[in-house]
Amino acid sequence: MTTTQIWQPHDQADGGLRTTEIPAGRLVLEATSSSPLAWNVTESPQGVLELLVRPAAPGVVRIAWRLPCVDVTAYWTHDSNEHRGLPPFWRKPRTASLEKGAPVGCLIGAGDVAVCTFAVGEVVRPVQTRTGVVEETGEFGFWVEHEAAPETGLALRLDLSRRHFARTLADVAAWWGAPGQVPRAARMPAYSTWYAMQQHVTAESVERQAALSAALGCEAIIVDDGWHSDDRGRGYGYVGEWDPAIPRVAEHVARVREHGMAYLLWYALPFVGRHTALWERVRPYTLTFKEHMNAAIVDPRYPFVRDLLSDRLARAVEEWGTDGLKIDFIDQFAVENPPEPGPEADCASVTEGVRRLMAQLGARLPEGSLVELRQPYTSPGLWPYATMIRASDCPLSPAHNRQRTVDLRLIAGPLAVHADMMMWHPSESPARIAAQLINVLFAVPQISVDLAAQTPGQTEVLRFWLSFVKEHAEVLQGGLFEPSRPDLVYPQVRASAGGVTIVGRYAPMPVAVPAEGTLLVANADDCDQVVLTGEGRATATVADCAGRPVSAAEVTLPCAVTVPTGGLLRVRV
């Protein structure tokens with residue numbers, strides 16, 4: 001049956017349907033189920049609606065709504081590979097679940113206001129969504145659906161407050177419920193071996209880079225693929241046993257930690273390779289085989305599989321003394337048409353198996369352990385089992401790294417957001433390296449180059465910008481976060497706290513100077529003329545990409561100040 005509620009400019013009750021005024025004008029809501037539905041709707045004075053729709057019997061519940069598509073500039077989604085234009089409503093529905101994605105979206109209007117931010121309360125089981133322009137009417141249509149029980153129902157949050165879109169998404173994260181604070185080390189710069197070493201990992205190379213990166217300000221090292229096998233070919237035919245190829249690994253870990261570095265080891269969680277001794281044992285407990293990866297995806301619905309994986313991953317912390325884990329490829333559990341579970345399985349859905357696996361592993365890790373996840377497994381259902389989440393791979397692509405880290409910052413809740421590892425050609429200029437670092441200024445930088453091969457100029461830039469990130473971490477990662485123009489891939493990003501405002505400038509857009517306090521503008525754009533808007537007098541000092549002084553002057557706002565690419569402008573009002 002279908003129940004329709006029409007929200008109109010007057011508070012009234014008609015035929016059992018509640019109506020109320022909302023800023024967006026006329027909003028049509030429909031709920032569909034195979035059984036009768038009970039509605040509960042609350043509305044805040046700011047224009048935030050919370051709906052709970054309960055079916056009389058378990059089954060799929062869908063809520064649909066539509067809005068006039070007026071003064072709209074972009075549609076934001078958690079998927080950083082998605083364009084920021086307006087999609088058509090007829091496109092294929094998208095599925096979010098614990099393994100992949102998050103049930104959230106935002107229709108954005110001129111001035112970066114949220115025309116409609118929506119989120120679904122279900123963050124573990126699959127949720128389907130469809131959003132887009134309805135060609136016949138010029139409206140923007142939405143629907144969400146999932147299996148719902150009478151006691152839980154389908155919970156939907158609609159924010160129609162027309163506040164800055166970032167603030168509405170931050171409120172979504174709070175609505176989902178955020179665990180406590182993550183360890184400090186999760187928010188400090190890190191070194192990763194992946195782009196620098198690929199699979200050519202040795203104790204000597206890791207220890208050398210740990211010493212060099214610690215001297216530059218990094219506080220963690222993430223040892224990626226290659227530590228568990230002498231095989232140097234791509235693919236995952238040798239993963240799954242996770243026996244270290246590094247001799248006396250506990251002693252090696254201890255030597256790295258003497259530099260003050262936290263140590264994390266990489267694991268491709270779902271895979272067991274064809275060339276491992278485990279292969280024959282796990283074959284009856286697999287979801288599918290990935291020919292191009294030369295490995296099977298094991299089935300977490302089986303306690304045998306969960307015990308196997310949690311034992312092997314926890315070993316790194318319990319026996320070798322690492323500080324945590326980099327857990328990769330959780331999204332690979334989301335296979336289409338998984339096989340029917342056998343009699344040894346203790347749950348019917350793969351998603352539930354993944355949840356049990358992560359909970360079992362989390363229970364094995366000491367408090368304060370560092371656990372890195374990665375896009376696209378961004379579900380808040382995974383927050384209790386992680387401390388940081390990294391942008392998906394985008395080597396040497398500063399704009400992609402910026403978009404992905406900003407997207408993550410908007411909905412990562414309590415987790416520290418990490419940039420994809422930064423690499424560059426040995427002949428890259430210091431200014432361009434600084435621009436890469438500025439592109440991920442509002443996330444935790446991960447460095448992945450041979451630090452012993454850097455020129456003095458390159459090293460100087462790294463030292464300056466890593467120290468800047470650490471000095472201002474409270475503002476950059478914990479301040480009021482306001483990225484602008486998602487339709488243009490965030491050409492300017494701003495964070496502020498405690499009288500300090502920091503702006504990342506990625507295009508020649510004017511920068512508004514606050515009425516008081518300190519403004520820091522990091523310039524990643526090739527245009528060196530930074531236009532400042534505001535009123536009154538201010539002191540403007542400029543540093544180059546390595547932090548060396550360039551100029552200092554008293555200025556009258558508005559004005560333009562010359563700031564080199566990769567440089568820093570400091571304005572005191």
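These legends go with a few close-up views of a predicted model.

View 1. Look around L410 and, leaving aside its neighbours within four places in sequence, you'll find it in contact with W76, F165, A166, L169, A170, F481, P483 and Y490.

**View 2. T168, a buried residue in helix α1.** Helix α1 covers residues 165-176, and T168 sits in it. The relative accessible area of T168 is 0%, so it counts as buried, the cut-off being under 20%. Its side chain makes a polar contact with the side chain of T117, at 2.8 Å. Setting aside neighbours within four places in sequence, T168 is in contact with C106, A114, T117, D159, S161 and R163.

**View 3. Cis peptide bonds at P376 and P558.** Q375 and P376 are joined by a cis bond with omega of about 10°. P376 belongs to the loop between β22 (370-374) and β23 (388-390). From L557 to P558 the bond is also cis, and omega is near -5°; P558 has its place in strand β32, residues 549-562.

**View 4. Positive phi at L396 and R485.** L396 isn't a glycine, yet its phi is positive, about 60°. You'll spot L396 in the loop between β23 and α8 (398-411), partly exposed at 44% relative accessible area. R485 has a phi near 50° and is found in the loop between β26 (480-484) and β27 (492-497). R485 is partly exposed too, with a relative accessible area of 33%.

Technical notes. Residues numbered from 1 in each chain as written. Predicted model: local features only at pLDDT ≥ 70, side-chain atom pairs only at ≥ 80, totals over all residues. Heavy atoms only, no water. Contact = heavy atoms within 4.5 Å. Helix = DSSP H or I, 4+ residues; strand = E, 2+ residues; numbered from the N terminus. Buried < 20%, exposed > 50% of the residue type's maximum accessible area, 1.4 Å probe, protein only. Polar contact = N/O pair within 3.5 Å; in protein donor to acceptor, adjacent residues only side chain to side chain.
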